[in-house]
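Please open the structure in a viewer and keep the selection tool at hand.

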Amino acid sequence: MINISVTSYSPSRVIVRWTNPPGATGDTLQYRPVGSATWTRVYVTALEYEINGLIPGTNYEFNLISLCPTTNVYVPSALNHFTTASLNGRNYVRLFPNPVVDQSRLEVISPTAFTMSAEIYDNAGRRVM
């Protein structure tokens with residue numbers, strides 16, 4: 001496994017991308033906050049995976065284990081790290097993609113509980129929901 005990269009998209013979401021050796025049919029991606037004893041493991045058949053629901057301002061470690069049908073010996077990649085962005089006491093709000101075509105995601109992260117309402121407008125400025 002080579003060329004592992006992590007792109008941060010928000011304080012609680014990253015995309016991990018990688019390349020595989022020839023013959024690999026999938027991967028196990030495992031990640032955890034640094035110092036935690038428990039790994040979160042996911043089986044992935046693509047060469048990227050979106051990890052969401054992460055804790056803002058936290059250091060994480062992860063590795064990948066390529067799966068190949070010709071062996072029963074699986075060697076994990078070196079341990080890699082990423083850090084999620086901190087909220088610094090502020091709310092994080094992002095709508096993507098923007099502009100919206102068919103569907104979109106609204107990501108809201110807050111350091112404290114709050115009440116929220118949302119209104120949706122079309123590109124002419126008319127409220128539609």
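How many helices and how many strands does the chain have? The chain has zero helices and nine strands, where helices (H or I, at least four residues) and strands (E, at least two) are DSSP runs, numbered from the N terminus. This is a predicted model, in which local features need pLDDT of at least 70 and side-chain atom pairs count only at pLDDT 80 or more, while totals for chains, interfaces and linings use all residues. Residues are numbered from 1 along each chain as its sequence is written, and side-chain values use heavy atoms, with hydrogens and water left out.

**The whole chain**

Begin with the complete chain, shown as a C-alpha trace. Along its principal axes this trace spans about 60 × 35 × 20 Å. From the N terminus on, the elements run β-β-β-β-β-β-β-β-β. The radius of gyration of the chain is 18 Å, well over the 14 Å that the globule rule gives for 129 residues, so the chain is more spread out than a compact globule. Here the radius of gyration is taken over C-alpha atoms, and the globule rule is 2.2 Å times the number of residues to the power 0.38.

Next, display the surface. The accessible surface of the chain comes to about 8,500 Å², of which 52% belongs to carbon and sulfur atoms; such areas come from the Shrake-Rupley method with a 1.4 Å probe, and for residues only the protein chains shown count as cover. Buried residues make up 29% of the 129 residues. Buried means under 20% relative accessible area, exposed over 50%, and partly exposed in between (1.4 Å probe, protein chains only). Of the contacts with a separation of 6 or more, 50% are accounted for by residues 24 or more positions apart, a contact being heavy atoms within 4.5 Å.

**The nonpolar core**

Select Leu29, Tyr31, Ile51 and Leu54. These residues have the most contacts inside the largest nonpolar core, which has 13 residues. Such a core is a set of buried Ala, Val, Leu, Ile, Met, Phe, Trp, Tyr and Cys residues joined through side-chain atoms within 4.5 Å. Strands β2 (13-19), β3 (26-33), β4 (40-44) and β6 each supply at least two residues of this core. In soluble globular proteins, nonpolar side chains tend to be buried together.

Not counting residues up to four places away in sequence, Leu29 touches Thr40, Arg41, Val42, Val44, Tyr49, Ile51, Phe62, Asn63 and Leu64.

**The aromatic cluster**

Which residues form one aromatic cluster? Select Tyr60, Phe62 and Phe82, which form it. A search of the whole structure finds two aromatic pairs. Rings of Phe, Tyr and Trp (its six-membered ring) pair if their centres lie within 6.5 Å; planes under 30 degrees apart count as stacked, over 60 as edge-to-face and the rest as tilted.

Tyr60 and Phe82 form a stacked pair, 5.2 Å centre to centre with 10° between the planes. This pair links distant parts of the chain, since Tyr60 is in strand β6 (residues 59-67) and Phe82 in strand β7 (residues 80-83), 22 residues apart. Tyr60 is buried, with a relative accessible area of 4%, and Phe82 is buried at 8%.

Phe62 and Phe82 form a tilted pair, 5.9 Å centre to centre with 50° between the planes. Phe62 counts as buried at 1% relative accessibility.

**The salt bridges**

Finally, show the charged side chains. A search of the whole structure finds six salt bridges, each a side-chain nitrogen of Lys or Arg within 4 Å of a carboxyl oxygen of Asp or Glu.

Select Arg13 and Glu107. Their closest N and O atoms are 3.5 Å apart in a salt bridge. Glu107 lies in strand β9 (residues 105-109) and Arg13 in strand β2, so the pair ties together parts that are 94 residues apart in sequence. Both Glu107 and Arg13 are buried.

Move to Arg32 and Glu61, whose side chains meet in a salt bridge (2.6 Å, N to O). Arg32 is in strand β3 and Glu61 in strand β6, 29 residues apart. Arg32 is buried, with a relative accessible area of 16%, and Glu61 is buried at 7%.

The last pair is Glu50 and Arg105, whose side chains meet in a salt bridge (3.0 Å, N to O). Glu50 counts as partly exposed at 21% relative accessibility, and Arg105 is partly exposed at 39%. To close, select Arg13, Glu50, Arg105 and Glu107 together: they are linked in a network of salt bridges.
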